[in-house]
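Good morning, colleagues. Please look at the sequence and the structure as they come up.

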Amino acid sequence: MRIEFPNAAREDFHWVQARLRIGSAPDNDLVLAASQAAPRHLCIEQDRRGWVLQVLPSTDRVYVNARPVRERALLRAGDVVSVGDCRLLLCDDEEPTRRVPHKVPEGGRTAAALRAVAGPLSGRVLPLRDSLELGPDGDYPMGLAQGEVVGLRIGWDDGLLMLEDTCRSPRHPLRVNGVVVQQTPLLPGDQIGVATHRFVLEVPGSEPEREILPDEQTTADLPEAAAGPTGEVWWLIVTAAVLALGIALALLIRF
């Protein structure tokens with residue numbers, strides 16, 4: 001995996017180890033400025049689920065694709081992790097154009113869709129059908145606040161889903177799994193990013209079922225779903241149990 005630092009004069013950071021420690025202390029694998037991060041702010045570990053981000057105790061909140069993470073979140077290539085005012089763009093090591101194309105059977109093409117996981121269209125599922133165009137005069141607008149425009153087109157070509165950057169904005173390049181592209185075939189599970197927009201390509205039946213581990217059964221399988229709080233309800237459960245025990249004891253003593 002490779003980390004880019006958008007809008008910062010810093011070289012890309014490469015890592016291959018199973019655990020990446022990030023913070024301002026000099027013994028971290030990736031050292032950030034003290035104004036940006038706590039001495040030991042977060043870590044990213046690789047397991048059978050993929051890359052798992054863990055926010056360490058007594059640190060400020062971390063954001064994934066502009067959504068807050070308080071404890072843990074699963075990451076994918078193309079995600080933007082924000083620590084203070086530092087933005088970390090996770091990029092795949094493999095160029096999308098060098099991958100082996102994946103042909104989708106005729107029956108699976110009608111079910112293909114883009115799921116918007118971040119940006120103005122977040123939460124929407126955009127069916128592909130024959131083709132899909134986002135941007136000026138497309139199926140969905142993608143204009144930016146500054147008046148700039150970005151756009152992309154996805155269409156079927158001999159069983160392949162081909163992605164094309166239709167605007168080629170120098171400020172907001174089109175990326176697949178964090179890597180800048182202008183035209184490339186897509187694979188199921190790819191994350192497409194441009195400006196603040198993030199989309200995940202879903203083609204039912206084209207990906208193997210993900211193995212559910214015993215400790216995964218209550219863990220969301222997407223970063224945007226795992227970005228919310230997961231441990232803050234335990235104090236409510238403990239409080240309710242103590243109150244129930246107190247009421248039971250009071251009734252026992254009374255009668």
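The model is predicted, so local features need pLDDT of at least 70 and side-chain atom pairs count only at pLDDT 80 or more, while totals for chains, interfaces and linings use all residues. Residues are numbered from 1 along each chain as its sequence is written, and side-chain values use heavy atoms, with hydrogens and water left out.

Let me begin with the sheet. It is open and antiparallel, with 4 strands in the order E14-E15-E16-E19; strands here are DSSP runs of E of at least two residues, numbered from the N terminus, and two of them pair if DSSP finds at least two bridges between them. Strands E14 (131–134) and E19 (183–186) stand at the edges with a single partner strand each, so one side of each has no neighbour in the sheet. Within the sheet, E15 (residues 152–157) and E16 (residues 160–165) are joined by 6 bridges, and Trp156 has Leu161 in E16 as its bridge partner.

I turn to the salt bridges. The count is 8, where a salt bridge is a side-chain nitrogen of Lys or Arg within 4 Å of a carboxyl oxygen of Asp or Glu. In one of them, Arg40 meets Asp27 at 2.5 Å, N to O. Another links Glu202 with Arg115, their closest N and O atoms being 2.6 Å apart. Glu202 lies in strand E21 and Arg115 in strand E12, so this pair ties together parts 87 residues apart in sequence. Arg115 is buried at 15% relative accessible area, whereas Glu202 is partly exposed at 30% (buried is under 20%, exposed over 50%, partly exposed in between, with a 1.4 Å probe and protein chains only).
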